[in-house]
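Hi,

Here is the structure I promised to pass on.

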Amino acid sequence: ASPCASGLCGMYSAALSCREQRALIRFKTTLMNTLMDVLRRRPGWVEVKDEGEWDFYWCDVSWLRENFDHTYMDEHVRISHFRNHYELTRKNYMVKNLKRFRKQLEREAGKAEAAKCDFFPKTFEMPCEYHLFVEEFRKNPGITWIMKPVARSQGKGIFLFRKLKDIMDWRKGTASKKLPSLEAQPARANTNLSSSHDTRCSDDQKDELPVENYVAQRYIENPYLIGGRKFDLRVYVLVMSYIPLRAWLYRDGFARFSNTRFTLTSIDDHYVHLTNVAVQKTSPDYHPKKGCKWMLQRFRQYLASKHGPEAVERLFRDIDNIFIKSLQSVQKVIISDKHCFELYGYDILIDQDLKPWLLEVNASPSLTASSQEDYELKTCLLEDTLHVVDMEARLTGREKRVGGFDLMWNDGPVSREEGPPDLSGNSVTNTHLGCINDRKKQLRQLFRSLQMQKKISS
Ligand SMILES: Nc1ncnc2c1ncn2[C@@H]1O[C@H](COP(=O)(O)OP(=O)(O)O)[C@@H](O)[C@H]1O
Ligand SMILES: [Mg+2]
């Protein structure tokens with residue numbers, strides 16, 4: 001049996017043998033999950049350990065923090081994060097950057113354009129915006145809020161509340177963890193945090209921060225329910241460069257369901273309100289075989305059957321807008337470096353009006369598989385990520401599609417080649433989230449035509 005999941009080994013080796021560049025690609029990683037499987041079976045790639053030299057490093061963010069600034073990298077070397085990825089992937093910074101970008105858009109392009117950034121729930125950084133939060137809290141008595149540590153994952157440290165008293169308890173709890181007292185700390189910018197910015201950890205790792213900041217966020221009380229259950233979407237976006245912004249959207253992803261019927265009466269029950277797989281897995285009625293996921297294709301079909309294709313198109317266009325606006329909001333802040341790429345995991349919640357909300361962006365989306373289907377999705381996602389990163393130098397740079405990835409933004413919107421403009425005369429953007437992912441066929445055609453071109457030109 002072929003050790004290569006996509007069955008493309010023959011083609012790889014042919015392509016590799018005619019390459020003039022490096023004979024072998026030396027890779028390194030610390031993650032022992034689907035990623036390791038994909039890297040180890042990639043033809044022409046060899047693993048290096050410890051201090052060995054590498055061409056490709058899928059590192060964790062803690063390595064980045066300690067080593068990136070004093071690591072020399074050759075032209076061809078690639079690494080799996082941008083130096084200050086946390087500008088997008090820490091909950092407080094993401095919101096800060098989005099708020100700033102919205103203001104900038106309002107100044108430069110007007111209110112209508114700025115309103116396109118209204119996809120994140122009202123959020124305050126705690127404790128530094130505590131007083132602003134209280135003001136807002138008092139305006140809307142009775143609504144539900146969610147408190148989330150800015151840099152943890154897997155639902156850890158999260159709680160919901162409706163009374164200010166609950167925040168008092170939290171303040172007492174965090175005060176004992178050396179947080180400065182609120183009275184001594186008026187609302188201010190984040191500059192004092194710059195040395196600890198970079199503490200977001202992977203879904204697969206469980207380190208925690210010594211001192212914790214939180215965000216208080218408006219809880220979406222009317223999530224779209226399927227079978228009475230809440231869910232959110234996990235979607236993958238690959239950024240190859242920030243200046244110019246070049247971003248790819250993966251066709252597959254999944255909806256993560258809660259096991260327990262949704263209700264607003266038990267706000268302390270995490271099994272009802274948090275859709276993280278790490279949370280749901282521990283629920284007494286979790287079935288490992290059934291899992292708690294739906295692939296995006298199934299989700300899209302379900303919605304189309306309930307609401308018709310136009311409503312679904314609109315929803316998915318709104319989701320595309322979230323990717324683009326959130327990336328643009330950090331475009332000038334992220335240190336763009338040709339050695340870096342990043343595979344983000346977006347968490348998106350849909351409400352009963354079919355409006356999508358951005359909850360957070362993960363720098364290290366879980367690459368651990370929870371079922372066979374999940375294993376397939378993640379290994380294919382990673383194989384295609386490596387195709388786009390293109391250590392083998394096979395692509396021309398003009399591709400709009402590579403396997404399950406569609407080029408969504410290339411210093412501007414990318415339009416689909418085929419098909420007429422939409423009803424308002426706009427060209428349709430090149431995104432296919434939740435659509436058929438015939439990646440194997442596409443890859444076969446792509447690599448065949450690349451080989452032909454190479455033959456002709458040599
Ligand atoms: N504002 C919100 N409204 C409704 N549900 C939310 C909200 N924020 C988070 N959640 C729920 O909590 C889960 C965890 O929140 P998230 O922001 O993704 O933090 P984590 O880093 O712990 O995954 C989400 O997957 C979602 O189910
Ligand atoms: Mg999350």
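Helices (H or I, at least four residues) and strands (E, at least two) are DSSP runs, numbered from the N terminus. With that in hand, Pro127 falls in the loop between strand E5 (123–126) and helix H7 (130–139), and the bond joining Met126 to Pro127 is a cis peptide with omega of about 5°.

Some housekeeping before the rest. This is a predicted model, where local features need pLDDT of at least 70, side-chain atom pairs count only at pLDDT 80 or more, and totals for chains, interfaces and linings use all residues. Residues are numbered from 1 along each chain as its sequence is written, chains are lettered from A and ligands numbered from 1 in the order in which they are written, and side-chain values use heavy atoms, with hydrogens and water left out.

Asp50, in the loop between strand E2 (45–47) and strand E3 (56–58), has a positive phi, near 50°, despite not being a glycine.

Now the ligand. Ligand 1 is surrounded by 25 residues (a heavy atom within 4 Å), with Lys91, Lys148, Gly155, Asp232 and Thr275 the closest. By class, that shell has eight nonpolar, seven polar and 10 charged residues; here Ala, Val, Leu, Ile, Met, Phe, Trp, Tyr, Cys and Pro are nonpolar, Asp, Glu, Lys and Arg charged, and the others, Gly among them, polar.

Which side chains have an N or O atom 2.7 Å or 2.9 Å from an oxygen atom of ligand 1? Lys91 does at 2.7 Å, and Asp347 at 2.9 Å. Gln217 puts a polar side-chain atom 3.0 Å from a nitrogen atom of the ligand. The protein covers 99% of the 540 Å² of accessible area that ligand 1 has on its own (Shrake-Rupley, 1.4 Å probe). Strands E6 (145–149), E8 (214–218), E12 (342–350) and E13 (356–362) each give two or more residues to the shell.

Ligand 1 takes up the space of the second largest pocket (more than half of its atoms within 2 Å of the grid points). A pocket is an open set of points on a 1 Å grid over the protein atoms alone, where a 1.4 Å probe fits, with protein on both sides within 12 Å along at least five of seven lines; lining residues have an atom within 4 Å of a point. By class, its lining has 13 nonpolar, 11 polar and 17 charged residues.

Notes
Polar contact = N/O pair within 3.5 Å; in protein donor to acceptor, adjacent residues only side chain to side chain.
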